[in-house]
Amino acid sequence: MKLFTKIVSIVLLGCQIGLFGQNISDDSLIRKANQEIYNNPDNAVKIAKKLLQKQKDVNKLVKVYLILSTASIAKRDFDESLKNLLVARELVQKTNSLNIKTSVLIAIAMQYQQMDFYSKSLETLDEAGEYLIQLPDNDPDKYFETARSYALRGMIHKSQLNPEIALQEFLIAARNFEKVKEKETHFNQSIVYYNIGYCYLLLNQLNKAEEAFVKSLEFARVINANSLEAFALKGLSEVYKSKKENQTAINLLVEAQELSKKIGDLTLNEGIYREMAENYLAMGNQHLYQAYNGKFFEASFNREQNELSSINHAIDVHNKEMLKKTKEITDHYNILIGVVVVIGLSIMSTLLYITLKMKKKNRQYQDEIHNLIRS
């Protein structure tokens, strides 16, 4: 179920993008880019780069880099996504917006989860939680970001083979997305229900799994999100495969494959090819099994190469962060040592001064005593 560990990333797409804009024309382009992420991520990148050329406002620059990052995730180009996220993280230090800081940190946590850096992901989520708790209860962003955080934590629990706990996390995420009235959340709801479907599938509750995948499909079709629709169809196909209805499963996968052609999502393609191969094997069709199994291994190899590149980049970034923290700690202790030395020298000088002064007075007293005796 390696595929399942990657799906939640797109939960963070629309939410990253829709938070910050005020200018009407820019908002229109942002909405367009948001829609294109699922159908034509290359066009989403093109729109974002146009926005990048004319933006000077820090908050809007953060927004644009998040668009570039999420479009890269839709293509499973994690290295490019991470690069854009790191730029956003540097920029977000220049803003006082709790909403933007929370959004960027959750996006970064999602990126770490994608690369199986679960402890780093949870650490970043905790950091985001410090800002999230400061948002007022009537702020829709609080529900929105809470939903994202629970969705990501659910993904991590599922990866650690705890589908029961993961299911509860995803259900909380779904309820929080439903509370958001001011935002378009169909993207996120589609993916959350996809993951809910997989949790039920892992728990062998096929009827509930089918219901969740159908909900995911309905949300995806409302917003014409080809990628999400393809994922939901793939999920449904696994339910029918479990029911031994292999031809129905294949029909759903063929539909999903057609939708996925313009998306370039390596993980989606990998999942479709794997399911195709397994269904044809169950039907005894060795020729098509071998053909799709070969496509599956090719897609798997390409995805792993992408992830390896991103992991290497993430390790470099982590090492730089550790060096920076080490330098900060070293500088801090050097300052403390310097202060201690200065205070120590001051105390020693004061004690030496007092000692010399007392010796001088003692000599004076001795001289006076001698004079009194002689007289």
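Predicted model: local features only at pLDDT ≥ 70, side-chain atom pairs only at ≥ 80, totals over all residues.

Modeller: Residues are numbered from 1 along each chain as its sequence is written, and side-chain values use heavy atoms, with hydrogens and water left out.

Biologist: Is serine 121 buried or exposed?

Modeller: Serine 121 lies in helix H8, helices being DSSP runs of H or I with at least four residues, numbered from the N terminus. Buried means under 20% relative accessible area (1.4 Å probe, protein chains only). Serine 121 has 0% relative accessibility, so the call is buried.

Biologist: Which backbone oxygen does the side chain of serine 121 reach?

Modeller: Leaving out residues up to four places away in sequence, serine 121 touches Ala109, Tyr112, Gln113, Leu152 and Ile156 (contact: heavy atoms within 4.5 Å). At 2.7 Å, its side chain reaches the backbone oxygen of alanine 109.

Biologist: What is the relative accessible area of threonine 124?

Modeller: Threonine 124 also sits in H8, which spans residues 118–132. Beyond its neighbours within four places in sequence, threonine 124 contacts Leu105, Ile108, Ala109 and Tyr112. Threonine 124 is buried, at 4%.

Biologist: How do H5 and H6 run, roughly parallel or roughly antiparallel?

Modeller: H5 (residues 58–74) and H6 (residues 78–92) pack with axes 8 Å apart, at an angle of about 165°. Angles under 35 degrees count as roughly parallel and over 145 as roughly antiparallel. So H5 is, relative to H6, roughly antiparallel.

Note on methods: Helix = DSSP H or I, 4+ residues; strand = E, 2+ residues; numbered from the N terminus. Buried < 20%, exposed > 50% of the residue type's maximum accessible area, 1.4 Å probe, protein only. Polar contact = N/O pair within 3.5 Å; in protein donor to acceptor, adjacent residues only side chain to side chain. Axes fitted to C-alpha atoms, helices over the stretch in contact; angles between N-to-C directions. Parallel < 35°, antiparallel > 145°, perpendicular 65-115°, else oblique.
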